[in-house]
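Please show me the sequence and the model. I am new to this structure and would like to go through it by question and answer.

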Amino acid sequence: LGGGGGEGEGRVGEEEEEDDGDGRILEPLQIETTEFDMERARQVLTGTNERDAEALAGMLDEKAQKRLKKIQEKRRAKKEKEEDAKQYVSHSPVADKEILGSVGPIRKGEGTKKKKKPTINLSNNADADYIKQFKRSLMQRPSKKRAKEHRNDHVPRDKTNSGRLVPCNVKSFPDFRFGEFGVGHKAYFFMIKKMLLILSIMLAYSVPLLILYVGAEYFGQGSPSASMTMGNIGPAKDVNGTALEVSFFGSEVSRSSLCFVAVLADLLIVVLVGWRISKLAAAQLREDKLLKEREDNVQLYTVWVKDVPPEANDDFLYKNFFRARGGPVQNIEIIMDTENLLDLMMQRGEIAVLQREAAYAKDENRLNKLSTRRKNLEDEIKEVLERCEVEPKCLGAFVSFQDEYSRNNCLKMYTIAGRKLKYPKQLHLKEKQITVMPAPPPEDILFPNLTVTAKERKIRRVISISLQTIISLVLLGILVYLKSSTDNFKEEMTQCAGLDVSLEDAEANEDIAVCYCKTIGVDELLLGSSSDVCADYITFQQSLYQIAFAVLVFNSIATNLARRFAAFERHEQLSVREMSTTWTLFVFLFLNTSILMFAVDARITTVAELLPFSPIFAGEFAEATPEWYAIVGQSIVIFFIITFAYPVAVCCKPSCYQCRQNKKCWDKCCKCCCCEPEARTQYMLNTRMYGPEWQVAERYAVLMNIFFTAFVYMTALPVVPLLSLGYLIVTYYVDRYAFLRYYKKPRKLNYDIPVMVIKILPWAIILHALASMWFFSSPTWTPAPLPSSLASAENVMKTLRLGHLANFQSFFFFAVAVLMGVYILYEKFRGSCAHHSRWLEFQYMTDDPEDMNAAKEKTYEESVDKNQGSFGSYKVTDGLEYFKAFLKFEAWPGEEEKKDDKKQDSKEEDEKKNEDNTVTAEELSKAMAKADEQDAKNKEKLKAMRANLQDGEMIVEMAPHGFLQYVMVPCQKCKRQFTIADEGYSKEYNCPFCGRSSLY
């Protein structure tokens, strides 16, 4: 195929198709047409199909029936009058003018002028243009220029002063501007920065511990990763029971004193981290509250009605019902039980698109297969339509009131009724108790999932959790298998205390070979003469790397499957699905990274005696001995070292356009270093111009997993916070670059995921306290005994076979965990989190007269006039995400579309010709003089407009000149105010009074 009708375009295929002059492909294969009633499917989905009048009348009382008859008579009379007028005008155009001319102006006293109701237009021109361009791209030959324009519309771009779209500057792009693509994405980068600050605070405690541990020599040079753990300082006593001191910065320090200082420092760090988490939570809750206060769209006037009677499927019924239980109703959108109709229509739309691709590619075999699939789908759709029309069932409705006060009144009434022991019958719909709740934004609703019942959704949730549990059990089995190679290591390590083993001794006695191998360096261990003697020790080290790699692989699998599991659960709202993805993936990652590797080798005596064959908590380590650090602690350190490069590895692959620029494969499109079939249409080329959609839910889960693991193992593995800090720094810059240069523009998300994250973060303090109980009670320290006043607590611990935890350090950290648990419960039920959760309820439950008057002033019609297409609609046919379900393709493009394409291509040709044409000196001077004259006129016009301009007022005419609005700013030197033209970015301006140049 030739490229775009231009002469400079390269060929994108071997065969050359005929060109009709407007950039379209001629002579595609004929697509078999089918008889499919799209309007019928649309009516069933929106609940606007004809209903049985007798069944409807039986649902209303006598008063409502009379009112319904009057409305039907008025509608019938109005329709007949309109038909008569059309018929009369069509036969006599002159009479139409006479009728219009005979109506004179209304004079004072002769009548009252009826107030015209404002026209409500919810159509979005941008969505209509997008659909039009989509349909056109299926009929055009691939063009590099059009593909670049399409990419600029679907990836983040900056606009220059001249209005040209350019890639965003990654270095200077501020984080707050990520809010242009959704506040949830902005909060992600904001939270990474706050996590970096918290990890920096943790380093003030972990770095001295790391220096202390690395300075010891228990594990020697053969295991660098184990040398960075608490186990490297060795046991607190030697084989003779003599207490051993620790060298810290060249001086010997007793372990009891060092333990006391470490516990106090740990408490201080816990307080500082908790304070930073509370500050982060307060800022996030405040941002979420301000965002909801600024909302002024359709959900501000709408309630979501659930659990309605199946036969309540008429909008008149809901209008009549909620008029008496809230106020005047503006609009009703009924949710019908259409089974999987919307999903089937979406699949049909996808197949219709693939059919056009196959037709223009002249792939007859593929076209026949797609036609068969489409026919089967349409037969299935017809069966669903017949079932829905025979037995229509209503699942709920979105009821929009004319003002916010009516909506608040309705919610208040049903909220108070829900708290009573006996639900008032006056609020029943058809003698059935219904649920009324605030409606979420329309873009947050997943319409295909509304037909799934709550019971079915719970079953899907159980299945999803079961599958994830099976994956964790598989990982557990692998860890248990790999652990078998380390079973003998504990016994061999215990024999090394106080021994100085040489190479000859190691060759003579294999049981003490490990004592020699751990003292030599890695180079000597792998490449020197000791490789044969230390073969078992090398195998042990390899098993630790295998454990770390196994955890990394399973975490990658879980990350890829998390979104599929969340989609399988069929949530009603997008935000709920994203939160489910974040929470489920976080639990899975933290379980694999921190809990399973710990639980496989840990031993709780009670569990081991009751379940001797249990794979968890029946291991060999009842305490955190040095051997535990050599096996488990070293595995966690290795895992974090390997994970350090993970953000860069999965960052991004080159897009098709970059491959074409580098000429790696000009006639085809590159993805992952392999070529795909050539693009035969503009649509096929457009889809290869950018990466996938940015998914932030998985990134929040990874972020929480890194923070939780670093904080839990901060004392025992102080290198983990340092590696986590580096990991987040790399992640921050890699994600910035990938977001701005590679990924497709994401769907806008609110603050639901960040709010959920900040509510989970305090649990890290509890887990850290519980882990510190175990670490500070290990044989590497000298735990202080409990005072005699707590002898009963010590007896209870010994009864539970946890006598090694009966010391002052364990009791101290247990008290910290209990206090933190009490604080979390207080925040959940009475604190700031509880107030934030019930903030929306406080808004419509208030009895403040000022708030109620303000709610009355906010009307549906005024908001529509203010927001227009961005106001939102709860009709499924208005959602851009589902436009493929309602696409109607013509056999060949219409005449109007052909004219538009011809104009567009002729414009491109004219631009090309203008670039090639040469200009004489005389013509150039005339053009420059004309431009100077026009520039002088523009300056005078701007000067006149500036004189009459108010502060902050926007001028549309100034948009071509790069100005957004004029604002008053104070001079930094003389403090006098003057007016500047705000162009949307920082710029230096000179003060007209003192001449000082300042940046604004």
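The questions below cover a sheet, a cavity, a pocket and some cysteines.

This is a predicted model, in which local features need pLDDT of at least 70 and side-chain atom pairs count only at pLDDT 80 or more, while totals for chains, interfaces and linings use all residues. Residues are numbered from 1 along each chain as its sequence is written, and side-chain values use heavy atoms, with hydrogens and water left out.

Q: In what order do the four strands of the open sheet stand?
A: Strands are DSSP runs of E with at least two residues, and helices are runs of H or I with at least four, both numbered from the N terminus. Two strands pair if DSSP finds at least two bridges between them. The pairing in this open sheet is antiparallel, and the order is E6-E7-E5-E8.

Q: Which residue of E7 is the bridge partner of Val305?
A: Five bridges join E5 (residues 302-306) to E7 (residues 394-401), and these strands run antiparallel. E6 is joined to E7 by seven bridges, also antiparallel, and there Ile334 stands opposite Ala397. In E7, the partner of Val305 is Ala397.

Q: How many residues of E6 are buried?
A: Buried means under 20% relative accessible area, exposed over 50%, and partly exposed in between (1.4 Å probe, protein chains only). E6 is largely enclosed by the rest of the structure, because the buried residues number seven of its eight.

Q: Which element gives the most to the lining of the largest cavity?
A: On a 1 Å grid over the protein atoms alone, a cavity is a set of points where a 1.4 Å probe fits but cannot get out, and lining residues have an atom within 4 Å of a point. The largest cavity is lined by 20 residues, with Leu45, Ile335, Phe447, Leu450 and Val876 nearest its centre. Two or more lining residues come from each of helix H1 (38-46), strand E6 (329-336) and helix H10 (341-361). With four residues, the most comes from E6.

Q: How much space lies in the second largest pocket?
A: A pocket is an open set of points with protein on both sides within 12 Å along at least five of seven lines. Grid points are joined across faces, edges and corners, and a volume is the space filled by probe spheres set on the points. For the second largest pocket this space is about 1300 Å³.

Q: Which residues lie closest to the centre of the second largest pocket?
A: The largest share of the lining, six residues, comes from H12. Of the 42 lining residues, the closest to the centre are Lys292, Arg407, Pro438, Trp839 and Leu840.

Q: How many disulfides does the structure hold?
A: A disulfide is a pair of cysteine sulfur atoms within 2.5 Å. The sulfur nearest to that of Cys971 is in Cys994, 3.5 Å away, and the sulfur of Cys991 is 3.7 Å from that of Cys971, too far for a bond. Cys971 is buried at 1% relative accessible area, as is Cys991 at 4%. The number of disulfides is zero.
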